[in-house]
Amino acid sequence: MFKKLDLYIGRKFLFTYIFMIVVVMSISIVIDISERLRDFTKPDTDLTVWKIITEYYPYFFIHYMNLFSSLIIFLAVLFFTSMMAQRSEIIAILSNGVSFRRFTRPYLIVSTVLLVFSLLSNHYWVPEANKQRIHFENKYIWPVNAIDNTNLQIDDSTIVHYSLYSPLDNSVKRLWVENWKMDDNGLYTMYKDMQVHVAIGDSLSNDWSFTNVFIRKINDSSEVVQLISKVDTTLHFNIKELGVENNSMVAMTTPELMKYLEKQRKKGANNVVSIELTLHERTAYPFAAYVLTLLGLSVASRKSREGVGKSIFFGLLVSFAYIFFMKMTTVAATNVGLSPALAVWVPNAIFALIAIWVYFDRMKNEEPPSFNLRFWKR
C-alpha cells in the first residue's frame, strides 16, 4: 500500500509541476514574442523563424523555467493537494492507518529530486544556456549595456575610476588613473595621476588614445602639471579589464564565477556584493522548494469550503511575501552592508520556521474522520 501511495502522490506531484511549467512558460513565450516582434522583423538582420526557434527560445525556456521553479513547485503542491483534499482522498488515506508524517514522505522525495536537479542547473547547466541566450539578445535584440561609476584596483600600484564604459566602441568617459608607490615607512603615496575626458582603447592590446588629458606628477616638494589635447599611449592594462556586463554573471558557471569574484576582489571592484549574492542565490533558491513544499502541503491538505481557489490565493500571497523579503534583504546587502549570505538565506530561514510551525500544527490538530471512529480509538 505504501509504495502505491508514494507512486500515486509522486506522479501527481511531477505531472502537476510539469503541466504548470509548460503553461507558465508557454504564456511567457507568447508575451515575449509579442514584445520582440519588432526586433525579430528588422529588415537589416539575418534572422529567420528557424533561428528564433532553435537558437533563442530553448535557452529562454531553460532560464525562466529555472528562475520560477521553486514558486511553481509551491503552486503545484497547493493545487493537486487541494484537489485531493476536496475529493476526500486525504481523509481516506489517513483513515487507513497512514500517519500525516508518512503521508509527507513522497512530497519530500519528489522535492529532493527537484532540488538536486535545480542545484545542478543553477551551478552548471543554466549558465551554459544563458551564454547562448545572451549572445542572441546582444546580437539581435539590444546592444551591450554600458557600465558606469566604477572603481577598480588594477594592481598594487594602480587604481582606476571612470564614469562610463561602453563596450560597443571600447570607449571610456572621465577616466582617472592613479599611480601609487610605497615609501620607506611602508605607506603608499600617490606620485602621479591622470584624468582623461575621453579614452578609447584597443581591445586586443594595451594601446590607448586619449582626448583632453590632465597629468599631474607629485614630487616631495612640488607638482608638475600637464594639459594635453590628444595623445596616443600604452598602459599596462587593457580596456577589457575595466568592466564586465552585469548580465554576464548569469552566463558563468559557478567555478567561473568564483574565479571572477577573486579577480574583482583584487581589483577592488564595486560589484563584489552582486557576485556574492548571485553565488548564494544559486544554492538558496533550490532549497526554498523544500520549505514551500512543506508549507503548501500543510495548508492545502485541509478540506475547505472555499475549494482550490483558497489555496491558490494563499499561494500567491506567500509567493509575493517571499519575493518581497528576498528583494528587501538584497537591497540591504547592496546598500546597507548586510552580509550577502544573510541576505539570501534569511528569507528561507523565516519561511522555514513558518512552514515547520504550520506543519506541526497540522499534525497536532489532525482529527479522525467521523465515519471511522473505531480505528481512531484503538
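## A salt bridge between Glu223 and Arg216

Glu223 forms a salt bridge with Arg216, and their closest N and O atoms are 3.7 Å apart. A salt bridge here is a side-chain nitrogen of Lys or Arg within 4 Å of a carboxyl oxygen of Asp or Glu. Glu223 has a relative accessible area of 48% and is therefore partly exposed. The cut-offs are under 20% relative accessible area for buried and over 50% for exposed, with partly exposed in between (1.4 Å probe, protein chains only).

The model is predicted: local features need pLDDT of at least 70, side-chain atom pairs count only at pLDDT 80 or more, and totals for chains, interfaces and linings use all residues. Residues are numbered from 1 along each chain as its sequence is written, and side-chain values use heavy atoms, with hydrogens and water left out.

## Other salt bridges

The structure holds 13 salt bridges. One of them joins Arg102 to Asp6, with the closest N and O atoms 3.0 Å apart. Arg102 lies in helix α6 and Asp6 in helix α1 (residues 2-40), so this pair ties together parts that are 96 residues apart in sequence. Both partners count as buried: Arg102 has 14% relative accessibility, and Asp6 has a relative accessible area of 15%.

Glu276 forms a salt bridge with Arg265, and here the closest N and O atoms are 2.5 Å apart. Glu276 is in helix α8 (residues 272-300) and Arg265 in helix α7 (residues 254-267), 11 residues apart.

Leaving aside neighbours within four places in sequence, Glu276 is in contact with Leu261, Arg265 and Pro340. Contact means heavy atoms within 4.5 Å.

## Helix α10

Pro340 is also part of helix α10 (residues 340-364), which has 25 residues. From first C-alpha to last, α10 reaches 37 Å, close to the 36 Å expected at 1.5 Å a residue. The expected span is 1.5 Å times one less than the number of residues. A kink of about 30° lies at Val346, shortly before the proline Pro347. The bend at a residue is the angle between axes fitted to the seven residues ending there and the seven starting there.

Several residues of α10 are buried, among them Pro340, Ala343, Val344, Pro347, Phe351, Ala355 and Arg362. An α-helix has 3.6 residues a turn, so residues three or four places apart point the same way.

## A nonpolar surface patch

Val116, Phe117, Leu120, Tyr124 and Trp125 form a nonpolar patch on the surface, with about 490 Å² of accessible area together. Patches consist of residues with over 30% relative accessible area and no salt bridge; like charges are joined within 9 Å, and nonpolar side chains (Val, Leu, Ile, Met, Phe, Trp, Tyr) within 5 Å. Tyr124 is located in helix α6 (residues 100-141) and counts as partly exposed, at 43% relative accessibility.

## The whole chain

The chain contains 11 helices and 6 strands. These are DSSP runs numbered from the N terminus: helices are H or I with at least four residues, strands E with at least two. Of the 378 residues, 42% count as buried. Among contacts with a separation of 6 or more, 65% are between residues 24 or more positions apart.

The chain exposes about 21,000 Å², and carbon and sulfur atoms supply 62% of it. Accessible areas come from the Shrake-Rupley method with a 1.4 Å probe; for residues, only the protein chains shown count as cover.
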